[in-house]
There are 2 protein chains.
Amino acid sequence: MSLNDAAEAPRQRRRGEDLENALLDAAWEELKLAGFNDLTIDAVAQRAGTSRAVLYRRWPGKMEMVAAATRHAILRDRGPAPEPVGDLREDLLHLLRWANRSDVRTIIEATAHLGAYLAQEKLTYRDVRDYFLGGRPPQSHSPIEAAIARGEIDDASVSPRVRSLAFDLFRHEVILNQQPLSEEAMVEIVDDIVVPLLTRKR
Amino acid sequence: MSLNDAAEAPRQRRRGEDLENALLDAAWEELKLAGFNDLTIDAVAQRAGTSRAVLYRRWPGKMEMVAAATRHAILRDRGPAPEPVGDLREDLLHLLRWANRSDVRTIIEATAHLGAYLAQEKLTYRDVRDYFLGGRPPQSHSPIEAAIARGEIDDASVSPRVRSLAFDLFRHEVILNQQPLSEEAMVEIVDDIVVPLLTRKR
DNA sequence: ATCATTAAGAGACATTGCGTATCTTCACCG
DNA sequence: CGGTGAAGATACGCAATGTCTCTTAATGAT
């Protein structure tokens with residue numbers, strides 16, 4: 001056996017970005033497996049092959065670690081939102097389907113738990129979303145913007161609250177059900193609510 | 001001084017409903033003070049002037065205790081919903097204001113935490129709402145029902161999702177902000193979304 | 001009235017997770 | 001190379017959990 005043999009070779013020490021990524025990956029994995037409540041810092045440390053001290057050096061507590069891990073996972077996994085093709089209904093549905101990945105459950109659960117923390121820190125939900133998206137402008141309105149550009153709907157009649165309506169209802173449903181939306185639910189949101197509201201005659 | 005003097009007379013032992021109410025009151029108070037995460041079974045026991053064992057005899061854990069306490073507080077405090085007076089917009093606003101009591105924050109927080117628990121138990125949110133409301137039919141749709149009865153809007157065009165829309169948006173906002181809605185937010189929900197959707201020309 | 005039963009309330013216990021502190025050893029930088 | 005800063009291991013005290021045991025008060029049946 002050589003000296004560099006695999007078996008119980010003392011794992012070489014990671015640093016900087018390498019380590020950080022390993023920690024965040026481990027945290028995200030544990031979050032998916034155990035959920036927020038059952039997540040322990042210790043389990044994350046073990047999965048990452050390190051000790052709790054290393055985690056505490058980076059984040060003051062579970063909340064911050066989960067926030068960082070969620071942001072990390074979102075920025076890593078989530079591809080760009082689908083571009084509008086010119087049909088309001090279809091574009092909205094595509095966007096919801098895009099958002100409705102299997103790990104939304106974990107993301108939304110983290111977001112919900114973040115809520116309690118937010119109140120203390122006097123942050124708004126907007127701050128969190130911005131944090132999670134890493135400064136990228138939210139593309140969730142683009143089907144509506146595109147429809148406005150096409151002249152199909154009137155800019156002035158679409159308040160910020162209406163613009164975010166589809167995603168608000170989406171988020172609400174995921175929070176309550178703790179799972180991705182069914183195809184039917186997405187179609188109902190679009191066909192019963194968002195599209196009728198946007199295209200109503202006045 | 002008589003024998004029954006107050007001072008440090010050994011508190012007589014409570015049983016049955018008396019005790020149960022005292023426990024639930026204590027749990028609700030602690031929940032309001034500390035929030036779900038910081039709530040300890042011990043604090044509830046102390047506030048109720050008893051010991052943890054008594055609580056564990058009734059509920060298997062924090063989650064179930066909080067659920068029971070929330071239900072208890074809702075059934076005790078919440079008066080009947082305001083009756084519709086015949087103006088859709090005003091009736092919706094009254095209903096939202098009625099729901100927007102200062103303790104909604106606590107209620108909704110409990111509900112949100114319940115979410116994680118629900119997933120395990122394969123319960124739907126509907127089950128929880130029914131549990132919280134103690135079997136009472138939700139009156140939240142009544143302004144819409146009244147408007148339908150008056151012939152102002154068409155029954156067929158109002159799907160279940162549309163009927164619960166105002167409350168869904170209300171709930172979504174409370175969960176995200178972890179506090180009661182502002183008057184402006186309620187007006188926006190009603191004026192920008194719910195009423196236009198319900199009264200649109202087709 | 002008295003006696004058996006049930007559960008209240010007090011307290012002890014082991015267990016688990018948290019957050020901190022200490023110590024050695026490695027990786028990097030000049 | 002030699003200094004520095006952080007990795008990773010480990011130990012500690014603390015807080016909360018959930019279980020158990022023990023006594024004693026309240027209750028219901030005889």
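Predicted model: local features only at pLDDT ≥ 70, side-chain atom pairs only at ≥ 80, totals over all residues.
A residue counts as buried when its relative accessible area is under 20%, as exposed when over 50%, and as partly exposed in between (1.4 Å probe, protein chains only). Residues are numbered from 1 along each chain as its sequence is written, chains are lettered from A and ligands numbered from 1 in the order in which they are written, and side-chain values use heavy atoms, without hydrogens and water.

**Aromatic pairs**
- Over all chains, the structure holds 2 aromatic pairs (rings of Phe, Tyr and Trp, the last by its six-membered ring, with centres within 6.5 Å; planes under 30 degrees apart are stacked, over 60 edge-to-face, the rest tilted).
- Phe167(A) and Phe170(A) make a tilted pair, at 6.0 Å centre to centre and 50 degrees between the planes.
- Both residues belong to helix α10 (residues 165-177) of chain A, 3 residues apart, or about one turn of the helix (helices are DSSP runs of H or I, at least four residues, numbered from the N terminus).
- Phe167(A) is buried because its relative accessibility is 16%, and Phe170(A) is buried at 4%.
- In chain B, the ring centres of Phe167(B) and Phe170(B) are 6.0 Å apart with planes at 50 degrees, so this pair is tilted.
- Phe167(B) and Phe170(B) are both buried.

**A charge over a ring**
- Lys62(A) lies over the face of Phe36(A), 5.0 Å from the ring centre (NZ of Lys or CZ of Arg must be within 6 Å of the ring centre and within 35 degrees of the ring normal).
- In chain B, Lys62(B) lies over the face of Phe36(B), at 5.0 Å from the ring centre.

Note on methods. Helix = DSSP H or I, 4+ residues; strand = E, 2+ residues; numbered from the N terminus.
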